[in-house]
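Subject: Model handover

Hello,

Here is the model for your files. My notes on it follow below the structure.

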Amino acid sequence: MFRAIPAMLLFACAGRATPEAAAPPSADDDLSVLVARLSVQHPPEDCAIVTEGLLTPAATLERAVIEVSRPPWIGLIAGRCLARDHAVAAESTLAAWLEDPKMAGLSRTLVRELPVVADEAVAVRLAQAALRGPAADVAARVVAVDPRPAVRALAP
Amino acid sequence: MRPIFVLLLAACATDPEPDGDEPPVEESDTVDTEPAGCRRVPDEGRCEDNTLFLCIDGEVERTECGLDRCGLDGDVYACIPSEISENPEPSDASEMLRLLTGTGRSNAEAGVRFNIPVEDATSLLFHAQVPDGYVVWVEKLREPDDFSRSLDNPLLTMAVYPGPDATLAWPSREEDGPLTEGTWAVELRTGVLEGGELYYAPEIPVSVSVHLKTDDDPEVGQLRIGLVYAGMDAPAADDRLGQFIRLAVEGWREIYGRHGLELIVTEYGASGIDSVQPGPGGGDDIYAQLSNDRLFDETDILVLMVEDFAAGMSPDIIGQAGAIPGTTGPGPRAGIAVSWLRHQGTDGEADAYEVSLLATTLAHEVGHYAGLFHPVEFDWTTFDPLSDTPTCGGENSCLRELGDNLMFPMAVCMEAGCEDDVTISADQVGVLHLYPGTL
């Protein structure tokens, strides 16, 4: 094989946002930036981009889940990023959401993040909460195949 | 083969004349034994593979066999005749469609040309696939008079970008002109991606299909949708999730119906697969599998309703079209995926606003699949090649000018009932109707 002319542009779905890094001076500005970043037809890919430049990323993600309902995916993406990157600091909040029947949609999303919660003790406690919550059926499947024995042992 | 910087093709001579022996291919009724624009190498300089043609502005150059690529420095294009034939069991899904299929192999320069006989057709959908691990892209589209159409606009078709398959619809816009009778040709390149770099890869088998559409009434059309529920059976009538999605489909139907597009939606369950899936082309073969299994008619567009998108295998998205445009046949990116959970939100329930939002997402993603790009990208300086989607200067200006357009890259629907306010420009409607999957 031989090298092609290096000008080819790889496309996934057309038009993914490239948000500018913001340096907001306040928590409200943080939230505004996050909402603008995620209010797109094809939201950004990873949590590092979602929270880039935010003054208080964990707090902003939590606020987005609680305060932002439109468009509806913002709370789910924010919750996913909170579980991925801030599970230890936000454990009690995440556990409460996992058990809350009013957070049935978010629970289904958070449960699937259990395998990437690095702290095993936190993962165990979150799994226990998930197994008591509205996404218990999904949790049972996720827990059963977790690579950590302490988590797998929770499977019903 | 050592890396070689290969120049783009020169224009080929338009009147090939045989200089030596007959080309070593088996003739058939539908195979062009001497591709338009190419001259055969004289006996004296013919390379061992016997299939090398040189096209350099009317001059036949001597070859120097013994080089590993059996050609010359400079502009070289080897035209291996590739066979396209009428499908022996033509599709009866629509009287408007003829299906051609064919196979070929890229040559030492990683190029291959397929000649497409066109008669009495208004548009064509060309789809090429290569084996796993390789990529293919369209380099040129040639009209019957050998004129090479420009595909340079980055928002005209994704077929020019390397991928596991390449889908080209032509004409894409009304301003592209009619699909004239004669032999059209699509020139492809094959390659491989390694370490983030793209390399040409020669001698790669390529399989193609071509749908030729004849449309007597281009202002009216049907889009046939195969709506597949990932991880479940098709919901019962009183199922809340099913009600949510069906109401959204009705909203989508209204959006398209205002522009002469009728949706024919058939639902299917896919309980044997996970409800969480990657998007099309996201590293899984589920779309090829579903489209190959042919749960639905050949001309149906697959819309996979997933609960969520697999983490790490696709962007955090709410919906994704496999390609722009997409193929109606089987393929690794054959379909659209939409997450129903992401439209319900944290409470897992769907209100009237969320129904409207899902309706516009479905219309937006299928709009991509039928050939529409965003009218402006997020850099606010890259615009689609349609005349009636205005240019704008900056985010605020673009929001004002295009914020209610169905294909705007930001969520257009922020209130219940918003599907009544979503706009599609006349040129965008033209693209949707020209798409060969619109019957």
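Chain B has a mean pLDDT of 78, and 75% of its residues reach 70 or more; pLDDT is the predictor's confidence in each residue, from 0 to 100. This is a predicted model, in which local features need pLDDT of at least 70 and side-chain atom pairs count only at pLDDT 80 or more, while totals for chains, interfaces and linings use all residues. Residues are numbered from 1 along each chain as its sequence is written, chains are lettered from A and ligands numbered from 1 in the order in which they are written, and side-chain values use heavy atoms, with hydrogens and water left out.

The model scores are ipTM 0.83 and pTM 0.82. Over residues 1-81 of chain B, pLDDT stays under 50. For that stretch the model has 155 contacts beyond four places in sequence, a contact being heavy atoms within 4.5 Å. Helices (H or I, at least four residues) and strands (E, at least two) are DSSP runs, numbered from the N terminus.

The sheet

An open sheet of five strands in chain B has the order S14-S13-S16-S19-S18, with mixed pairing; two strands pair if DSSP finds at least two bridges between them. Its edge strands are S14 (261-270) and S18 (319-321) of chain B, each pairing on one side only. On average, neighbouring strands of this sheet are turned by 20° against each other, direction ignored. Axes here are lines fitted to C-alpha atoms, for helices over the stretch in contact, and angles run from 0 to 180 degrees between N-to-C directions.

Strand S13 (residues 221-230) of chain B is joined to S16(B) by five bridges, and the two run parallel. B:Leu227 has B:Val303 as its bridge partner in S16(B). Four bridges join S16(B) to strand S19 (residues 336-339) of chain B, again parallel, and B:Val306 has B:Ser339 as its bridge partner in S19(B).

Strand S16 (residues 301-306) of chain B is largely enclosed by the rest of the structure, because six of its six residues are buried. Buried means under 20% relative accessible area, exposed over 50%, and partly exposed in between (1.4 Å probe, protein chains only). B:Ile301, B:Val303 and B:Met305 point one way from S16(B), while B:Leu302, B:Leu304 and B:Val306 point the other way.

H4(B) lies across S13, S16, S18 and S19 of chain B and runs at about 160° to S19(B).

The cores

The largest nonpolar core has 93 residues. A nonpolar core is a set of buried Ala, Val, Leu, Ile, Met, Phe, Trp, Tyr and Cys residues joined through side-chain atoms within 4.5 Å. Those with the most contacts inside this core are A:Leu94, B:Ile245, B:Trp252, B:Tyr256, B:Val303, B:Met305 and B:Leu362. Helix H4 (residues 352-369) of chain B gives the core its largest share, nine residues. A second, separate core of 37 residues includes B:Leu168, B:Ile204, B:Ile324 and B:Phe373.

Aromatic pairs

Over all chains, the structure holds five aromatic pairs. Rings of Phe, Tyr and Trp (its six-membered ring) pair if their centres lie within 6.5 Å; planes under 30 degrees apart count as stacked, over 60 as edge-to-face and the rest as tilted. The ring centres of B:Trp252 and B:Tyr256 are 6.0 Å apart and the planes are at 80°, so the pair is edge-to-face. B:Trp252 and B:Tyr256 are four residues apart in helix H1 of chain B, which means that about one helical turn separates them. Both B:Trp252 and B:Tyr256 are buried. Not counting residues up to four places away in sequence, B:Tyr256 touches several residues, including B:Leu223, B:Leu261, B:Ala363 and B:Leu406.

B:Phe378 and B:Trp380 also form an edge-to-face pair, 5.6 Å centre to centre with 70° between the planes, and both residues are buried. Ring pairs link B:Phe378, B:Trp380 and B:Phe408 into a cluster.

Two single residues

B:Leu247 lies in helix H1 (residues 240-257) of chain B and is exposed, with a relative accessible area of 51%. B:Leu247 and B:Ala352 are 105 residues apart in sequence and 9.2 Å apart in space, C-alpha to C-alpha.

B:Gly104, in strand S4 (residues 97-105) of chain B, is buried, with a relative accessible area of 16%. Its C-alpha atom is separated by 6.4 Å from that of B:Ser207, 103 residues apart along the chain.

Regards
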